[in-house]
Amino acid sequence: MISARGLRKEFGDFTAVDGIDLDVPAGQAFGFLGPNGAGKSSSMRMIAAVSPVSGGELRVLGMDPATHGPQIRARLGVCPQDDTLDVELNVRDNLLVYGRYFGLPRGEVRDRADELLEFVQLTDKAKARVDDLSGGMKRRLTIARSLINRPDLLLLDEPTTGLDPQARHVLWDRLFRLKAQGVTLVLTTHYMDEAEQLCDRLVVMDKGRIVADGSPLDLIRTHSTREVTELRFGVSVDGGHAALADQVADLADRVEVLPDRLLLYSAQGEETLAKVHERGLQPAAVLVRRSTLEDVFLHLTGRSLVD
Amino acid sequence: MSSTDTANPTRTPSPAAAPTAPSTRELVARQVDYWWRVYLRTWHGTLASSFLMPLLYVVAIGVLLGGYIDSDPDQLAGAPSYLAFVVPGMIAGQVMTVGVSETSWPVMSGIKWQKVYVGQIATPLTVPSIVLAQLAFVAFRLLVAVAVFLLVLAPFGVLATWWGALLAVPVLILVGLAFAAVCFGFTAGLDSDTTLTVIYRVAILPMFLFSGAFFPVSQLPAVLEWLAKATPLWHGVSLTRMLTTDTLAGGQALVHLVYLGALAAFGTWWAVRRLTAKLVV
């Protein structure tokens, strides 16, 4: 569906995407993970055929976005980062006018609009003004709108950013259904749980480059340990957490120092914790958990994913 | 068909790919439903403003103030009365206002606030088709505004001939479009709407007052007269006045038409260029 070689995007002197290679086969749920400014959205916009490629090669659905933009866009569904709904039209009319942009006959658009409203659970809001919808409902409407042309490829740029936890779960459920139906999904996110929930395969981006590539589980296995022991000490400790890191460095495969806690990476978190206690250290709070993509990211870039 | 079927878009991408792109004309036609809904949502408001305001002006300035002014056709560009003189000026000023109001804040909103254009370019629509569809909508708005205005004025006896009034309709639409297209291009390149407020004050309002709508520009000092005659509104007013007062002069009319046509064409080109620079980055 998507193939990129050495893909670059430059804005003047600034390089947003610095030579990435991608291959997304049909039916895959593919994710771009990375902090703000990593180049995820720039990559997505190039794939969506609305942003000219600065260098390298890109093929979307077998076509070149530079020469076949309208033909590519005819078969894409795009859910942009900001809602671009017409807030003065009602919910259903937003779908109707959008379907017409794809050249669909009016009757066909009406049928699809009603079915999609059902799918995103907005049927009883069909006549409501978009302005009156909650953030989560607007997002769902945007997703319904992006499906009106029955796209081969659905692009979602930070689909759940800014939504409350409940609204996110409703949205994930809908995306999961699409995925189960075999829709090729490409999404960007800076939420690890989102990436783990939805993506078959991920690339981790940092400063315009791909720093890791694989399934969520592969990435955790390759770039982290099975478990993590988080130690939080009081603020009064001499030298802060950095000083304490030296005392426990040999107890784990790797130790990360964050401003407010130490992360000890090991296969057995509880064992590691017991050894910490044997050394007479008394952390104020302790958490033993499984490694997540957050740990992968921390390891790869030395920085947290969400500031 | 169940809802899950609907949402299942999986199709094998055709390897042959590359069907031909839809024509710009086809893409403009696909936006008719959108603009028709915009029109249905706004027509009552725009009808009041495009009809009541000018009517009040015509009564206050044309009829009441005009009653104090000598009806000397030599002084009034051939018009038999001040009312007959001022009416084409008013209506040309009115189409300028309509054209500019449809492509100033609405364009800003499409780029920046509601981002309707951003949603549109994610579909097969192209920037030229988006600009042309919006200008076609403006032309329709102008048609309604001009038709209403002329019908209201007919009883005042200020339209010299029926064919002149009829010909004035496309001419006035062209005047409005020339302003709309240039304003579209201007607004598409702005980063904030504060400049728009300034433009209304330093360009639109002075043009309305000093471009021959209310008095012959020959009343102005030579430099200002020359300046007034360079404005698009003066060309619009003069051409409209020739038609409503039956004083058509072929050569001069052609100059007006070419000027306004060229401005509309330039504005459209500029709007496409600047909107592309904003959206396709």
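How many helices and strands make up the secondary structure of chain B? In this predicted model, chain B comprises 12 helices and zero strands. Its pattern along the sequence is accordingly written α-α-α-α-α-α-α-α-α-α-α-α. The C-alpha trace of chain B extends over about 80 × 40 × 35 Å along its principal axes. Chain B has 281 residues, of which 43% count as buried.

The contact between the two chains was examined next. Chain A contributes 42 residues to the contact and chain B contributes 36 residues. On the side of chain A that touches chain B, at least two residues are supplied by each of helix 2 (65–73), helix 3 (91–101) and helix 4 (106–119) of chain A. The composition of this side of chain A is 23 nonpolar, eight polar and 11 charged residues.

Nonpolar residues were then considered as cores. The largest nonpolar core holds 153 residues. The members that touch the most other members are A:A144, A:L155 and A:L185 from chain A, together with B:V95, B:L172, B:V175 and B:A178 from chain B. Helix 8 (residues 162–188) of chain B provides the largest share of this core, with 16 residues. Leaving aside residues up to four places away in sequence, B:V175 touches B:A92, B:V95, B:M96, B:G236 and B:L260. Another core, of 11 residues, lies apart from the largest one and includes A:A252, A:V255, A:L262 and A:Y265. In soluble globular proteins, nonpolar side chains tend to be buried together.

Chain A also contains a sheet. Four strands of chain A form an open sheet in the order 11-12-10-13, with antiparallel pairing. Its edges are strand 11 (254–258) and strand 13 (285–290) of chain A, each of which pairs on one side only. On average, and with direction ignored, neighbouring strands of this sheet are turned by 20 degrees against each other. Five bridges connect strand 11 of chain A with strand 12 (residues 261–266) of chain A, and the pairing is antiparallel. A:R254 has A:Y265, in strand 12 of chain A, as its bridge partner; A:Y265 is also among the members of the 11-residue core. Helix 9 (residues 240–248) of chain A lies across strand 11 and strand 12 of chain A, and runs at about 25 degrees to strand 12 of chain A.

Key:
Residues are numbered from 1 along each chain as its sequence is written. Chains are lettered from A and ligands numbered from 1 in the order in which they are written. This is a predicted model: local features need pLDDT of at least 70, side-chain atom pairs count only at pLDDT 80 or more; totals for chains, interfaces and linings use all residues. Two residues are in contact if their C-beta atoms, placed from the backbone, lie within 7 Å. Ala, Val, Leu, Ile, Met, Phe, Trp, Tyr, Cys and Pro count as nonpolar, Asp, Glu, Lys and Arg as charged, and the others, Gly among them, as polar. Two strands pair if DSSP finds at least two bridges between them. Axes are lines fitted to C-alpha atoms, for helices over the stretch in contact, and angles run from 0 to 180 degrees between N-to-C directions. A residue is buried if 20 or more other C-beta atoms lie within 10 Å of its own, exposed if 12 or fewer, and partly exposed in between; C-beta atoms are placed from the backbone. A nonpolar core is a set of buried Ala, Val, Leu, Ile, Met, Phe, Trp, Tyr and Cys residues joined through C-beta atoms within 7 Å.
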